[in-house]
Structures are given as structure tokens and as C-alpha cells.
Amino acid sequence: MFESLGDRLQGVFDSLRGRGRLTEVEVKAALREVRVALLEADVNLEVARDFTKRVQEKAIGSDTLMSLQPDQRVIAIVHDELVELLGGKAAQPNLKNEANVWMLLGLQGAGKTTTAGKLAYKYKSQGRRPLLIAADTQRPAAREQLRVLGRQIGVPVLEVEDGETPERTKARLGEYLRANYRDLVIVDTAGRLQIDEALMDAVADLKEALGPNETMLVIDAMTGQQSLPVAQAFDARVGISGLIMTKLDGDARGGAALSAKHVTGKPIYFAGMSEKIDGLEPFHPDRVAGRILGMGDVLTLIEKAKVLEGDDEDGPASLKDFTLQDMLTQMRKIKRMGSFTDILKMVPGASKMMPPGTEIDEGEIGRIEAIISSMTDKERRQPKLLNASRRKRIAAGSGTSVQDVNRLMKNYEQMKKLMKQFGRRPPRNLPGGRGLGR
Amino acid sequence: MAWFDRLRQGLGKTRDLLTTDVRDLGRAWEMEWDDLEFALIGADTGAKIAAEIVAEAKRERERGTSFRESLEKALLDQLEPNRMRQKLRRVGFNLDVSRNLVEVKGKVVMVVGVNGVGKTTTIAKLGQYYTERGQRVMFAAGDTFRAAATAQLEVWGGRLGIPTVSGPDGSDPGAVAFDAAHARRARGLDLLFVDTAGRLHTKHNLMEELKKVKRVITKADPDEPREVWLVLDAVTGQNGLAQAKKFHEAVGVTGVVVTKLDGTAKGGILLPIVRELELPIKFIGVGEKAEDLQPYDAAAYVRALLDMPETAAA
């Protein structure tokens with residue numbers, strides 16, 4: 001998501017790296033680059049300028065320049081400031097035991113309706129009883145969209161009728177809640193421009209009537225310089241308590257997140273990470289700052305791996321006996337953590353190693369799986385058995401070609417060699433490890 | 001923040017401009033070059049293009065042209081997708097003849113873009129635009145992914161009296177496009193607009209699906225679609241260029257439609273798109289009503305860009 005910004009900044013810092021000491025002029029030059037990088041990432045002008053000024057003050061004002069590794073210190077300062085700019089600690093919306101009302105606001109096409117569905121799904125799976133209110137009477141079929149979403153996730157939808165007053169909506173909601181127990185009401189409103197006085201008044205009235213305990217502004221991650229005035233206007237006219245960034249799974253550099261956060265001072269609760277109904281993730285400022293700087297996102301990776309823990313099938317008896325079956329098991333495990341491309345992005349340094357625009361063919365993994373699955377147990381344990389006729393059979397069985405099978409076998413041999421090398425090196429804290437008996 | 005105040009002052013002058021007599025422009029309005037650069041970046045043109053415009057305007061200014069005119073010239077220069085015409089413009093030809101009708105090559109227009117830019121709404125407006133000009137139009141509700149997107153286009157089709165070909169939600173968009181292309185040919189209608197589901201340009205599989213929809217249309221109606229229009233939201237920042245590039249690579253974009261220019265967004269990202277990809281802008285959407293979709297005119301756009309009222313913060 002933030003890769004391009006990360007690459008830019010990385011380049012700036014690489015030029016600083018390894019210097020014994022930095023002059024003030026060098027730091028200033030580097031920070032100018034940082035500012036251009038931020039602007040290219042759609043960070044608002046004012047915010048970018050503010051940011052570099054703060055970093056500069058900290059970097060030059062302290063004894064940073066004289067320290068042992070000044071470049072590392074500068075990077076640390078930029079990292080901390082980024083975290084600060086993105087909102088410090090991760091924050092979640094305020095959720096009471098019952099009678100929660102959350103309202104979603106935003107420009108047209110920011111993704112309010114989809115986000116409403118995702119929120120309802122998320123909290124339903126946590127044991128809440130959500131109710132969706134379709135208050136978008138502007139766009140044709142918007143209410144129908146929410147109705148369909150509600151049906152898919154099994155959440156009831158209360159539809160606001162054309163020309164209904166906020167008081168009437170409130171009364172209808174009260175009526176509904178008296179008959180049905182619901183502890184989280186999510187209100188999807190019509191998209192509106194921040195300068196559209198009439199519509200801004202209308203949504204402010206609706207907020208007044210419903211009295212939500214959270215009012216969230218939904219912002220498209222691809223938004224440019226406008227993110228700042230938009231966030232400002234919504235906060236001033238309606239009042240918001242938090243932000244949700246959508247479409248962060250594209251290659252948008254996400255500067256809008258920084259700007260909106262900066263101008264409103266409100267936390268970013270969630271980030272929309274896919275089109276699917278479960279694609280809404282909590283926003284972690286520190287992790288994202290690390291990702292921007294190319295430091296990887298090990299925490300998220302660990303979290304994902306943790307979910308898979310406890311279902312460990314028998315691993316290879318030893319690294320030396322790495323069989324095709326083991327390869328398949330490992331692969332399936334990794335696959336369950338998400339797409340390969342996503343995982344690689346979280347590994348520190350990996351984003352730098354991959355040329356820009358690299359795409360890993362996720363289908364390749366499926367093919368490998370198919371090929372190994374088409375082998376007999378015996379073949380998986382003793383790959384030497386695979387002669388030409390067996391390979392032909394496997395290719396036919398897995399819907400691939402003999403070349404694909406050959407390629408897989410070559411990769412497997414390489415991996416096995418690698419494993420052997422690892423096995424030979426004695427694990428340091430394990431006296432008598434099998435590596436000793438070489 | 002002295003620079004910021006200066007910028008605001010400069011923009012204040014932009015506002016005053018609206019009430020100033022056109023002939024006084026040269027004298028009434030002048031801005032620091034640095035401030036101009038910031039203002040352009042603030043309009044999402046990107047740092048590189050902003051610097052180019054400032055350099056070009058400076059050159060023009062030194063020749064004694066008024067500030068406003070220099071700036072207009074520099075902007076128009078950037079907005080000319082055709083290199084030949086750009087040269088002609090530089091030597092002084094005025095090429096901005098207002099066109100009455102945006103001509104569509106061929107009969108089928110595929111409409112593509114990322115999520116939430118307003119593809120379906122734009123198609124409805126395009127339908128009205130061409131219907132009013134005597135063309136017989138048809139819609140294909142090819143967004144079978146988003147819940148109720150098909151219904152949204154059907155509602156519009158009903159209102160405008162435009163036949164709409166659709167399939168059930170979640171069905172193959174290629175099948176809908178194929179049926180529609182067939183139907184258009186069989187009924188001999190003038191134009192078919194094919195809606196597609198919004199997709200992020202980074203999703204490999206979804207872009208492949210888009211390529212397939214295009215291939216399938218060709219199968220039903222050889223040589224079509226002759227036009228593929230990319231819909232772009234005016235609030236989009238620098239990511240807009242990446243969007244345009246990826247869609248262009250995948251399906252060969254022939255024109256761009258910019259929506260939501262009715263806010264304070266200026267759609268400055270158009271400049272690098274026109275500059276780098278040499279794609280023409282076809283329409284701009286300046287409001288919610290159907291007649292708010294207007295044929296794009298570079299000169300008018302530049303004037304609007306310079307005169308648009310500013311919010312205090314920008």
C-alpha cells in the first residue's frame with residue numbers, strides 16, 4: 001500500500017547511510033527530498049511542510065549529528081514523527097455494551113456502503129447484534145445495495161424512505177429497537193460534497209436526531225490534496241470522531257491518511273484492505289510507519305502466523321529428510337496466511353529486493369499444489385522414482401505439462417540442498433544437535 | 001507560516017478575479033512563482049508538472065505576456081495530448097474550436113475505472129447526452145460484482161427510456177457484454193455503453209477479467225469496442241496516473257472522463273495523464289444532474305481551474 005513512498009524515502013536515507021557524521025546542510029537536503037516524496041504521495045502541502053520542519057528541528061537541535069550513526073538517528077526521528085502523524089497508538093471505536101449508534105460520512109464513491117457492510121460483518125462475528133440503516137436516498141439503488149449486503153451477512157437493514165425527516169427516522173428506529181434487540185446501529189449516509197451546504201446541513205440534522213456515539217469519516221486512500229479540506233469541512237460542519245481509510249489495497253501511497261489525521265486530530269480506526277466482506281483491518285500507525293520506511297511489518301506477520309499455530313502437522317523428521325510432502329505442507333500453511341505478495345511486503349527488506357511492479361503469480365502455487373497432489377504417497381517420499389512415464393501421468397493428472405513437473409522437481413532439489421546445508425550447521429544452543437555428527 | 005499566508009493572499013486574488021474586468025487581468029493579478037508552484041501542487045498536478053508549468057509560464061512572462069495569459073498558455077500546453085498540435089499551439093494557432101458533439105468512434109464504448117469514481121452514474125449521463133442528440137443508445141449492466149449495481153443502471157435506463165441488458169448479480173460480466181453487443185447489432189442501435197465493475201488497477205486477476213470482457217465484445221461484434229473510456233474522480237491524487245497507466249496497458253484506453261469536478265477538487269492529475277499517456281479528455285462531470293456532464297474543452301477547463309473559488313484551507 002505505502003510502498004512507493006517507502007521506496008522514495010529509502011532512497012533518501014540510503015544516501016545518508018554509513019556516513020560518519022552529517023552536516024546540517026546534508027540533513028536539510030535530505031529532508032527536502034522527503035518533502036517531495038511526501039507531496040508525491042499526496043500528503044497535503046501544509047502537512048508535508050510541517051512534518052519536515054519538525055523532523056529538522058529535532059534532528060539539528062539535538063546532538064544527533066554528532067552521534068555514532070547519525071543516519072540511523074535521522075531515520076528513527078522520521079519514523080517516530082510518522083507514527084505520531086498517523087496517530088500514535090492504534091485506536092478502536094468506542095463500543096458500549098449496548099445502544100451503540102455509528103454514523104458513516106464521506107464524499108461520493110469513498111466506499112461508505114461497502115464499509116458499513118464490512119463493519120456489520122466484523123462486529124457480528126464478534127458476537128454483536130448489528131442493525132444497518134440505509135439512509136442514502138440520493139443514489140439510485142443505494143439502499144438496495146445495502147439490503148443485498150445485509151442479506152449476505154445476515155444483518156437486518158432499516159431503510160430510510162424518500163423525503164423522511166430525521167425525527168421520523170429516529171422514531172422508526174426507536175420502534176424497530178423496541179421490537180428487536182440490537183446493540184450496534186450502523187448508519188450509511190448519502191455521499192456529499194463538503195461544500196454542498198444543503199446536504200451538509202441535512203446530515204448534521206440527522207446526526208443531531210440520532211445522537212451517534214461515533215461519527216466516522218470514510219476517506220478514499222487515493223484522494224489527493226483535497227483530503228485536507230474535505231476532512232476539515234466534515235469535522236467543522238458535522239463533527240467526526242474517527243476516520244476509516246478505504247481502498248488501501250491498491251498502490252495508492254496513502255498520503256491522504258496522513259493529511260486527514262493531521263488536520264482533524266482524530267484517530268484512523270480501520271483500513272479497507274480488499275473488496276471482500278472481511279477486508280476491513282484495524283489501522284496500526286506504528287506498523288504502517290515501519291512499512292513506509294521499508295522496515296517491514298513483522299508484527300502483522302507474526303499475528304497472522306499465530307492464527308495458524310496449534311494446527312502444526314508433523315514437520316519433517318529432520319531437515320535432511322525434506323520430502324515433497326513437507327514442501328506441500330509448508331506451502332499450504334503459508335498460503336493460509338494470505339497472498340504471497342502481501343506476506344513478502346511484511347518481511348523487512350523484502351520490498352527493496354523486489355523490483356517495482358513485481359507480481360508473484362499466485363496461480364503458480366496452485367499448480368505446485370496440484371502437481372504434488374497428483375503423486376502417490378510413495379512418490380512424494382521418494383522423488384527418485386519419478387521417471388518419464390510417471391511424470392507424464394502426473395502432468396496429465398494435475399492439468400499441467402511435463403515441463404511444469406520438471407521445473408517443480410528442479411526447485412525441490414534446490415530447496416533440499418539448501419535444507420541440507422542448514423541441517424549441517426549445528427544449532428548454537430543445542431549441544432549434541434544432529435548437525436554435529438557430520 | 002509566511003509562505004502560507006502569501007499563498008492564501010494569492011488565491012484571494014484569484015477570487016477577486018471573478019469580479020474584475022477581463023482586460024484588467026494582466027495588471028490586476030500577479031503571483032510569486034513559488035506560490036504558483038505550491039498552488040498547482042495543491043491542485044494535484046504533481047510536483048514535476050507544476051515545475052514545468054512554472055518554467056513555461058516564466059518564459060512566456062519574460063516575453064511580456066501578462067501573468068494570467070502566460071499561465072493559461074502554459075497550462076493549455078500541458079493539456080494538449082497531441083504533440084503536433086502542441087507545436088502548432090506554441091507558435092500561436094488557436095485550436096480550441098468548441099465542438100458541438102463529442103464524436104464516438106464505432107458503436108461500442110466500454111467504461112472502466114477504479115471503485116467509486118462514478119462509472120455507472122457517468123454512463124447514465126452519457127446515455128442522456130447522446131439520446132438528446134438523436135442517437136439511439138443502449139446500456140449493458142456489466143457490473144455484476146457490486147451489490148445492486150445492475151439495479152442502479154436499470155433505474156437510470158428506465159428513467160431515460162434506454163434499453164438495458166443485464167444479468168443476475170454475480171454472473172459473468174463477459175456474458176452480459178456479449179449479449180448486449182449482440183443485441184445492439186441485431187437491433188441496429190447507434191451506441192452501446194458497457195458498464196464494468198470498479199476494480200483497483202493493481203489486482204491482476206480483475207484486470208485480466210477486464211481484458212476478457214473486451215475480447216468477448218469483439219467476438220460478438222468484430223472491430224468493437226472502438227472506444228474504452230476511463231472514468232477518473234477529480235479528487236484523485238498522484239495515484240490517478242498509475243491508474244490510467246495500468247488501465248491503458250490492459251485494455252487500451254481511448255479517452256478519459258473526469259467526474260466530480262463540482263467540488264473544490266481541481267483534477268490537476270489530468271495534466272500528467274494527458275502529458276505522459278497522450279490520452280484525450282472526453283467529458284467532465286461538474287454536477288449531479290445529467291446535463292452536468294459536459295464535453296471537455298481545454299481552454300474552458302483552464303479558465304475554471306484558475307477561477308475556482310478556494311476553500312480557506314487549500
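How many salt bridges does a search of the whole structure find over all chains? I ran the search and got 28. I note here that the model is predicted.

**Entry: one salt bridge in chain A**

I picked out the pair A:E81 and A:K58, which form a salt bridge with their closest N and O atoms 2.6 Å apart. I then checked where the two residues sit. A:E81 belongs to helix 4 (residues 70–86) of chain A and A:K58 to helix 3 of chain A.

**Entry: interface of chain A and chain B**

I counted contacts next. On chain A, 37 residues are in contact with 44 residues of chain B. The size of an interface is often given as the accessible area lost when the parts come together, so I looked that up too. The area buried between chain A and chain B is about 3,600 Å². Carbon and sulfur atoms give 60% of that area.

How many salt bridges does the rule find across the interface of chain A and chain B? I found 0. For polar contact, I counted 8 residue pairs between chain A and chain B, with both residues at pLDDT 80 or more.

I listed the elements that give two or more residues to the side of chain A that touches chain B: helix 2 (24–40), helix 3 (45–61), helix 6 (142–153) and helix 9 (227–237) of chain A.

**Entry: sheet of chain A**

In what order do the strands of the open sheet in chain A run? I read the order of the 8 strands as 3-2-4-1-5-6-7-8, with mixed pairing. Strand 3 (157–159) and strand 8 (280–282) of chain A are the edge strands, and each pairs on one side only. I get an average twist of 25 degrees from one strand to the next.

I looked at one pairing in detail. Strand 5 (residues 214–220) and strand 6 (residues 242–246) of chain A pair in the parallel sense, over 5 bridges. For A:V218, I find the bridge partner A:I244 in strand 6 of chain A.

**Entry: sheet of chain B**

I repeated the look-up for chain B. Its 8 strands form an open sheet in the order 3-2-4-1-5-6-7-8, and the pairing is mixed. The edge strands, each pairing on one side only, are strand 3 (164–166) and strand 8 (293–295) of chain B. The twist here averages 25 degrees from one strand to the next.

Strand 2 (residues 137–141) and strand 4 (residues 191–194) of chain B run parallel and are joined by 4 bridges. Within this pairing I noted B:F139, whose bridge partner in strand 4 of chain B is B:F193.

I also noted helix 10 of chain B, which lies across strand 1 (108–112), strand 4 and strand 5 of chain B. The helix runs at about 175 degrees to strand 1 of chain B.

**Entry: backbone exceptions**

Most residues other than glycine have a negative phi, and most peptide bonds are trans. I logged two exceptions.

- A:A99 has a phi near 55 degrees, a positive value in a residue other than glycine. I place A:A99 in the loop between helix 4 and strand 1 (100–106) of chain A.
- B:E224 and B:P225 are joined by a cis peptide bond, with omega about -5 degrees. I place B:P225 in the loop between helix 10 (204–220) and strand 5 (227–233) of chain B.

Technical notes: Residues are numbered from 1 along each chain as its sequence is written. Chains are lettered from A and ligands numbered from 1 in the order in which they are written. This is a predicted model: local features need pLDDT of at least 70, side-chain atom pairs count only at pLDDT 80 or more; totals for chains, interfaces and linings use all residues. Side-chain values use heavy atoms; hydrogens and water are left out. Contact means heavy atoms within 4.5 Å. Buried area is the accessible area (1.4 Å probe) that two parts lose on being put together, summed over both. A salt bridge is a side-chain nitrogen of Lys or Arg within 4 Å of a carboxyl oxygen of Asp or Glu. A polar contact is a pair of N or O atoms within 3.5 Å; within protein, one must be able to donate a hydrogen and the other to accept it, and residues adjacent in sequence count only if both atoms are side-chain atoms. Two strands pair if DSSP finds at least two bridges between them. Axes are lines fitted to C-alpha atoms, for helices over the stretch in contact, and angles run from 0 to 180 degrees between N-to-C directions.
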